[in-house]
Amino acid sequence: MRCTLRLVLVASTLLFAMFTHAADGLIAIKSSHDVKTTADKLESVLKEKGMTVMARVNHQQGAEKAGLELRPTEVVIFGNPKVGTLLMQCAQSVAIDLPQKALIWEDANGEVWLGYNDPQYLKSRHGIEGCDEVLGKVSGALGNFAKAATR
């Protein structure tokens with residue numbers, strides 16, 4: 001019994017290290033790759049799943065152009081109007097958080113993370129009512145995209 005309990009505690013700790021809320025409303029998943037590879041994989045899986053990738057912002061390059069330093073940091077902006085419109089019909093203010101964004105960054109320890117807005121946070125932030133099914137689908141899709149990009 002003690003061995004099983006230890007195994008559960010170790011597994012829980014590892015899971016927490018891989019999947020954590022980094023900031024209010026942000027879900028962050030540790031990546032096995034560098035920032036560029038993670039962003040490339042994310043962009044690839046998004047396109048494969050029929051999502052529109054609108055932009056990819058390399059903040060490190062922007063910092064360099066300004067004569068500043070920044071660890072690797074990229075944002076991928078993507079969406080699907082068939083889903084986003086349903087959320088905006090429930091609460092139009094959610095449009096400020098759409099299209100979806102994924103942040104991929106290297107932290108001070110050299111670890112790479114992929115973060116995205118938690119749909120439940122968006123529900124609370126915008127008082128979204130009557131869209132739980134859509135929010136559930138968005139949550140599942142974002143989680144699947146993140147897993148595919150970080151493995």
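The side chains of S31 and T38 are joined by a polar contact of 2.7 Å. A polar contact here is a pair of N or O atoms within 3.5 Å; within protein, one must be able to donate a hydrogen and the other to accept it, and residues adjacent in sequence count only if both atoms are side-chain atoms. Before I go on, this is a predicted model: local features need pLDDT of at least 70, side-chain atom pairs count only at pLDDT 80 or more, and totals for chains, interfaces and linings use all residues. Residues are numbered from 1 along each chain as its sequence is written, and side-chain values use heavy atoms, with hydrogens and water left out.

Back to S31. Its place is in strand β2, residues 26–31. Helices (H or I, at least four residues) and strands (E, at least two) are DSSP runs, numbered from the N terminus. Is S31 buried or exposed? S31 is buried, with a relative accessible area of 9%. Buried means under 20% relative accessible area, exposed means over 50%, and partly exposed is in between, using a 1.4 Å probe and protein chains only. A polar atom of the S31 side chain also lies 3.1 Å from the backbone nitrogen of H33. Leaving aside residues up to four places away in sequence, S31 touches T38, V112, W113, A149 and T150, where contact means heavy atoms within 4.5 Å.

Next, helix α2. This helix has 14 residues, 35–48, and at 1.5 Å a residue it should span 20 Å; its end C-alpha atoms are 20 Å apart, which agrees. The expected span is 1.5 Å times one less than the number of residues. At the start of α2, a side-chain oxygen of D34 comes within 3.4 Å of the backbone nitrogen of K36. Buried residues in α2 are V35, T38, A39, L42, E43, V45 and L46. What do they pack against? The buried residues of α2 pack against β2, β3 (52–58), β4, β5 (100–106), β6 (112–117) and α6. After α2 comes G50, with a positive phi near 85°.

Now the aromatic rings. The structure holds one aromatic pair. F78 and F145 form this pair, which is edge-to-face, with 6.3 Å centre to centre and 80° between the planes. Rings of Phe, Tyr and Trp (its six-membered ring) pair if their centres lie within 6.5 Å; planes under 30 degrees apart count as stacked, over 60 as edge-to-face and the rest as tilted. F78 lies in strand β4 (residues 73–79) and F145 in helix α6 (residues 132–150), so the pair ties together parts that are 67 residues apart in sequence. Both F78 and F145 are buried.

One more local item: a cis peptide bond joins L98 and P99, with omega about 0°. P99 lies in the loop between α4 (81–90) and β5.

To finish, the whole chain. It has six helices and six strands, in the order α-β-β-α-β-α-β-α-β-β-α-α along the sequence. Of the 151 residues in the chain, 36% are buried. Among contacts between residues at least 6 apart in sequence, 63% join residues at least 24 apart.
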